[in-house]
Amino acid sequence: MSSDVRFREYRDYIEKYLADYFTQLEEEPQKQLFGAMKYSLLAGGKRIRPILTFEFCRLSGGIWETAAPFAGAIEMIHTYSLIHDDLP
């Protein structure tokens with residue numbers, strides 16, 4: 001499998017993982033907060049950090065899908081840092 005195809009697979013997988021994760025969090029009273037988080041997180045992007053996480057897992061002999069919670073967490077932290085950087 002070429003690296004381009006594999007990276008697209010990783011990117012599609014993390015997009016679905018993050019969307020599914022935030023679908024579970026649509027309960028009150030935090031619904032508005034989780035909605036804002038979901039909006040920022042799912043706005044798109046290259047997803048380089050999760051791709052690197054998946055690829056490192058694969059190259060280390062692991063099953064890359066099992067790294068999804070870690071890849072998702074890294075992307076959430078990155079998104080938070082972008083938002084925090086824009087605050088006054």
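In which kind of crossing, right-handed or left-handed, does α1 pass α3? Point 4 gives the reply.

1. **Ground rules.** This is a predicted model, in which local features need pLDDT of at least 70 and side-chain atom pairs count only at pLDDT 80 or more, while totals for chains, interfaces and linings use all residues. Residues are numbered from 1 along each chain as its sequence is written, and side-chain values use heavy atoms, with hydrogens and water left out.

2. **Overall picture.** The chain has 4 helices and 0 strands. Helices (H or I, at least four residues) and strands (E, at least two) are DSSP runs, numbered from the N terminus. Along the sequence the pattern reads α-α-α-α. The C-alpha atoms fill a box of roughly 45 × 30 × 20 Å, taken along the principal axes. The chain has 88 residues, and 24% of them count as buried. Here buried means under 20% relative accessible area, exposed means over 50%, and partly exposed is in between (1.4 Å probe, protein chains only). Now take the contacts between residues at least 6 apart in sequence: 65% of them join residues at least 24 apart. A contact means heavy atoms within 4.5 Å.

3. **Helix α1.** This helix runs over residues 3–23 and has 21 residues. From first C-alpha to last, α1 reaches 30 Å, close to the 30 Å expected at 1.5 Å a residue. The expected span is 1.5 Å times one less than the number of residues. Which residues of α1 are buried? They are Arg6, Tyr10, Ile14, Leu18 and Phe22. They sit on the same side of α1 because they cover an arc of only 125° around the axis. That arc is taken from the directions from the helix axis to the C-beta atoms. The face turned away from this buried side carries the exposed residues Asp4, Asp12 and Lys16. The buried residues pack against α2 (31–41), α3 (48–59) and α4 (68–86).

4. **How α1 meets α3.** Two packed helices are described by the angle between their axes and the distance between the axes. For α1 and α3, the angle is about 115° and the axes are 9 Å apart. Axes are lines fitted to C-alpha atoms, for helices over the stretch in contact, and angles run from 0 to 180 degrees between N-to-C directions. The crossing of α1 past α3 is right-handed. A crossing is left-handed if the near helix is turned anticlockwise from the far one by less than a right angle, and right-handed if clockwise. On the α1 side, the contact is made by Arg6, Phe7, Tyr10, Arg11, Tyr13 and Ile14. On the α3 side, it is made by Pro50, Ile51, Phe54, Glu55 and Arg58. By class, this contact has 7 nonpolar, no polar and 4 charged residues. Ala, Val, Leu, Ile, Met, Phe, Trp, Tyr, Cys and Pro count as nonpolar, Asp, Glu, Lys and Arg as charged, and the others, Gly among them, as polar.

5. **Phe7 and Glu55.** These two residues deserve a look together. Phe7 is found in helix α1. Phe7 is partly exposed, with a relative accessible area of 29%. Not counting residues up to four places away in sequence, Phe7 touches Ile51 and Glu55. Glu55 is in helix α3. Is Glu55 buried or exposed? Glu55 is buried, with a relative accessible area of 12%. Leaving aside neighbours within four places in sequence, Glu55 is in contact with Arg6, Phe7 and Tyr10.

6. **Phe56.** Phe56 also lies in helix α3. Phe56 is exposed, with a relative accessible area of 61%. Phe56 and Ala67 are 11 residues apart along the chain, and their C-alpha atoms are separated by 9.4 Å.

7. **Arg47.** Check this one by eye. Arg47 lies in the loop between α2 and α3. Phi of Arg47 is near 60°, a positive value in a residue other than glycine. Arg47 is buried, with a relative accessible area of 3%.

8. **Helix α4.** This helix has 19 residues. α4 reaches 27 Å from its first C-alpha to its last, close to the 27 Å expected at 1.5 Å a residue. The buried residues of α4 are Ala68, Ala71, Gly72, Glu75, His78 and Thr79. They cover an arc of only 125° around the axis, so they lie on the same side of α4. On the other side, Phe70, Ile77, Tyr80 and Asp85 are exposed. What covers the buried residues of α4 includes α1, α2 and α3.
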